[in-house]
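Hi,

Here's the structure I promised to pass along.

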Amino acid sequence: MIDTSTATAVLRGADIFAPGILAVETNVNVDDKVAIMVDLEKKCLRGYSEKFQGLKFHVGNGILKKPRRAIFSKPPSELSGDGVFMVEPLYRTCGIPLGFSHLVFLQNITSTLTTRLLNVEPNNIVLDMCASPGGKTVHIASMLRGTGFVIALDKNKYKIDRIKKNAQLCGVESQVRTYAQNATKLEGDLKPQDYKGLPGQGFAANVFDRIMLDPPCTGFGQRPTFSTTKDVQEVRSFRESQPAYQIRLMAQAVRLLKPDGTLVYSTCTLNPYENEAVVAWCLKNYTDMELLTPDTMLGGPGLAGFGLEADACSKVQRFDPVNNPETVGFFIAKLRKIA
């Protein structure tokens with residue numbers, strides 16, 4: 001038995017590290033072939049030795065590489081190394097070996113597309129408003145070709161450290177400036193070059209050439225995943241609560257964008273209230289913002305009935321895993337501030 005986060009990694013091509021193992025039957029030995037099950041309800045106690053009767057799902061078969069006593073004699077935080085080598089995963093996904101982690105940065109094609117649509121140019125000053133874990137940030141920094149810089153914001157200090165680490169890993173730390181900052185509270189009078197992320201500081205209007213806004217969202221497009229536990233009532237609440245937060249971020253983005261500057265808005269959810277409705281709100285409230293036809297169109301059209309006219313629906317990109325089986329669920333809109 002393994003936990004849900006470990007199972008998600010398995011479906012993405014990973015082997016199983018020892019800390020992710022919850023239970024092993026007592027009659028199993030090292031080098032035995034084992035069936036890998038995920039505990040869907042998070043009810044399996046660590047170290048359980050019998051056949052688990054709770055709700056579970058089979059994600060593949062593998063070869064056990066550590067004895068049971070070695071796995072459960074220490075807390076997970078003290079364990080390391082492979083626990084199971086996968087030989088028959090449910091999906092034949094290509095994993096990235098650890099030895100290559102300094103050479104490649106794994107990213108969904110939809111996330112890669114958002115940064116390409118920014119059309120970053122040399123010497124641009126770019127804002128990544130909700131930047132963690134930094135995939136889009138480092139991609140933007142690489143496109144600057146050693147000129148200009150990107151400011152990456154996130155409310156969480158731990159996440160900021162993660163962005164810094166990824167920038168260093170990709171060799172673009174000189175182009176990335178990171179700050180622990182709530183992106184809904186950026187009112188001020190500073191130019192990006194003078195910003196230090198100190199309390200009370202903020203940016204003047206019309207100061208960024210490009211802005212990436214990939215806000216926190218309900219994440220209903222993420223896959224594979226085993227961790228969604230939201231009920232219908234909670235999902236309905238997202239029609240008001242989550243879009244309200246994204247609208248506050250959008251308002252800041254519009255204020256900070258230079259005339260003739262580009263703003264890309266994206267989410268990893270299928271919820272139209274966080275997608276089409278937010279873009280429609282922006283176009284209704286800011287007459288100097290226009291929706292652009294993307295340079296590259298890989299997704300399908302937006303959904304009608306959520307504030308966008310037919311022509312506008314043809315300009316946004318909606319990625320539905322039913323129609324785009326190689327992607328997660330995603331939404332992208334490209335906007336420009338009219339000079």
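Predicted model: local features only at pLDDT ≥ 70, side-chain atom pairs only at ≥ 80, totals over all residues.

**Helices 7 and 8**

With that in hand, helix 7 and helix 8 pack at an angle of about 40°, and their axes are 10 Å apart. Angles under 35 degrees count as roughly parallel and 65 to 115 as roughly perpendicular, and helix 7 and helix 8 are therefore oblique to each other. The crossing of helix 7 past helix 8 is right-handed.

Which residues meet there? On the helix 7 side you'll find Gln246, Ile247, Met250, Ala251 and Val254, and on the helix 8 side Val278, Trp281 and Cys282. By type, that contact divides into seven nonpolar residues, one polar and no charged.

Helix 8 spans residues 276-285, and its buried residues are Glu276, Val278, Val279, Ala280 and Cys282. What do these buried residues pack against? The list has helix 7 (241-256) on it, along with strand 10 (257-267), strand 11 (289-291), strand 12 (317-319) and strand 13 (330-337).

**Helices 3 and 4**

The other pair to look at is helix 3 (residues 109-117) with helix 4 (residues 135-143), which pack at about 40° with axes 10 Å apart. That makes helix 3 oblique to helix 4. Helix 3 goes past helix 4 in a right-handed crossing. Helix 3 brings Ser111, Thr112, Thr114, Thr115 and Arg116 to the contact, while helix 4 brings Lys136, His139, Ile140 and Met143. The split by type in this contact is two nonpolar, five polar and two charged.

Thr112 sits in helix 3 and is partly exposed, at 26% relative accessible area. Leaving out residues up to four places away in sequence, Thr112 touches Gln107 and His139. Thr112 and Gly135 are 23 residues apart in sequence, and their C-alpha atoms are 8.4 Å apart in space.

**Aromatics**

How many aromatic pairs does a search of the whole structure find? It finds seven. One of them is Tyr48 with Phe52: the ring centres are 6.3 Å apart and the planes sit at 85°, so this pair is edge-to-face. Is Phe52 buried or exposed? Phe52 is buried, at 11% relative accessible area, and Tyr48 counts as partly exposed at 33%.

Trp281, which you met in the helix 7 contact, also forms an edge-to-face pair with Tyr286, at 5.7 Å centre to centre and 70° between the planes. Trp281 is partly exposed at 24% relative accessibility, and Tyr286 is partly exposed too, at 23%. Elsewhere, Tyr179, Tyr195, Phe203 and Phe208 make up one aromatic cluster.

A few things to check if you're setting up torsions. Which peptide bonds are cis? Two to look at are Ser132 to Pro133 and Arg223 to Pro224.

- Ser132 to Pro133 has omega near 5°. Pro133 is in the loop between strand 5 (125-128) and helix 4.
- Arg223 to Pro224 has omega near -5°. Pro224 is in the loop between strand 9 (208-213) and helix 6 (232-237).

- Lys42 has phi of about 55°. You'll find Lys42 in the loop between strand 2 (33-39) and strand 3 (56-64), and Lys42 is exposed, at 57% relative accessible area.
- Asn123 has phi near 70°. Asn123 lies in the loop between helix 3 and strand 5 and is exposed, with a relative accessible area of 56%.

Why do Lys42 and Asn123 count as exposed? The cut-off for exposed is over 50% relative accessible area, and Lys42 has 57% while Asn123 has 56%.

Cheers

Notes. Residues numbered from 1 in each chain as written. Heavy atoms only, no water. Axes fitted to C-alpha atoms, helices over the stretch in contact; angles between N-to-C directions. Helix = DSSP H or I, 4+ residues; strand = E, 2+ residues; numbered from the N terminus. Parallel < 35°, antiparallel > 145°, perpendicular 65-115°, else oblique. Left-handed = near helix turned anticlockwise from the far one by under 90°. Contact = heavy atoms within 4.5 Å. Nonpolar A, V, L, I, M, F, W, Y, C, P; charged D, E, K, R; others polar. Buried < 20%, exposed > 50% of the residue type's maximum accessible area, 1.4 Å probe, protein only. Phe/Tyr/Trp six-rings, centres within 6.5 Å; stacked < 30°, edge-to-face > 60°.
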